[in-house]
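Colleague: I'm new to this one and would like to learn how to read it. Could you walk me through a few features?

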Amino acid sequence: MNNNAQHVTLKGSGVADVDIPVVGFGTWPLTGPECTASVTRALGLGYRHVDTAENYGNEAAVGLAVRDSGLAREDVFVTTKFNKDSHGDAATVRLSAERALERMDLDYLDLFLIHWPNPAQDLYVQTCESLVDLVGTGLVRSWGVSNFKPAQLQRVLDAGMVPPVNQVQVDPEHAQRGVERFNAASGVVTAAYSPLARGSEVLKLAELVDPADRVGRTPAQVALRWHIQQGRIVVPRSANEERQRQNLDLFDFALTEDEMARIDALDTGEGPRLDSDEFGH
Ligand SMILES: NC(=O)c1ccc[n+]([C@@H]2O[C@H](COP(=O)([O-])OP(=O)(O)OC[C@H]3O[C@@H](n4cnc5c(N)ncnc54)[C@H](OP(=O)(O)O)[C@@H]3O)[C@@H](O)[C@H]2O)c1
């Protein structure tokens, strides 16, 4: 696939089609004025999608940047995620959305995600039902999950719901092919978090450096282009203006099939840093 679209359409249970920019600005672990300044600059550079979470403690800082950006609210796509103490019935999940909106001082969210399934609580299927209800209230435009394994997603599908998106850790060495295949077969869009492997040594590998040299870009841009050429949403994070700019500038070059295959071959088959059967908040 040589996907060059700058938006993906989220479909799924309860959701009228919602367009999401494929490149979002990741905000963890930025907080306070530094976070507001980074998001402000990102929006100035052209980002139109910002990824935050209750757990990052920066929703207020992100909301401030969005409100003061001078952009129309409908021109910025805002994603946030909620914690396990807000899993449950419709009233519980609605309250969680209202509190996020209060912190951000916004009227609605574009995407509201279950941050971790927390299977020990066994409330995530009910929470998905609550999210479908919430879409109808106008507080959120779309919903989804994060860190869901196929078996966890299957339980949601068995209950008759399709989450529009599953945000999971994906980078060239942790491609999570099984998760991505399951998402795709279920009609769930994959969003990649830590898409640059947190700026690790992977960005120094020849598989990324060689194509970067060929197209006159950086290895990070090659990594992000690899993601979007395979249809994933990405939410890279940078506190640096030049790197923020690079991470958005992905649509006027392409990787060849050979280059894509070489990067695909870096997959170690290892799972993500954290196991969502055990970890969650
Ligand atoms: N759903 C979840 O459970 C979950 C979990 C983790 C993260 N996330 C989301 O995903 C976002 C991104 O993930 P992440 O922050 O873990 O990792 P990441 O985006 O893969 O990597 C960020 C690191 O890469 C560096 N970097 C960024 N652009 C670069 C470039 N062009 N060239 C070289 N280095 C570059 C950054 O340094 P500089 O700042 O110095 O540029 C930073 O150290 C988070 O901010 C958060 O919004 C979600």
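Predicted model: local features only at pLDDT ≥ 70, side-chain atom pairs only at ≥ 80, totals over all residues.

Colleague: Now strands. Which way do the side chains of β8 point?

Modeller: The general idea first: in a regular strand the side chains alternate between the two faces of the sheet. In β8, Val-165, Gln-167 and Gln-169 point one way, while Asn-166 and Val-168 point the other way. All of these are buried.

Colleague: What does that say about the strand's surroundings?

Modeller: Strand β8 covers residues 165-169, and five of the five are buried, so the rest of the structure largely encloses it.

Colleague: Which strands does β8 pair with?

Modeller: On one hand there's β7 (residues 140-146), which runs parallel to β8 and is joined to it by two bridges. Here Val-145 stands opposite Asn-166. β8 also pairs with β9 (residues 189-193), again in the parallel sense, over five bridges. There, Val-168 sits opposite Ala-192.

Colleague: Where does the chain cross from β8 to β9?

Modeller: Through helix α6 (residues 177-186), in a right-handed β-α-β crossover. β7, helix α5 (residues 150-158) and β8 likewise form a right-handed β-α-β unit.

Definitions and conventions:
Residues numbered from 1 in each chain as written. Heavy atoms only, no water. Buried < 20%, exposed > 50% of the residue type's maximum accessible area, 1.4 Å probe, protein only. Helix = DSSP H or I, 4+ residues; strand = E, 2+ residues; numbered from the N terminus. Pairing = 2+ DSSP bridges. Right-handed = clockwise from strand over helix to strand, strands pointing away.
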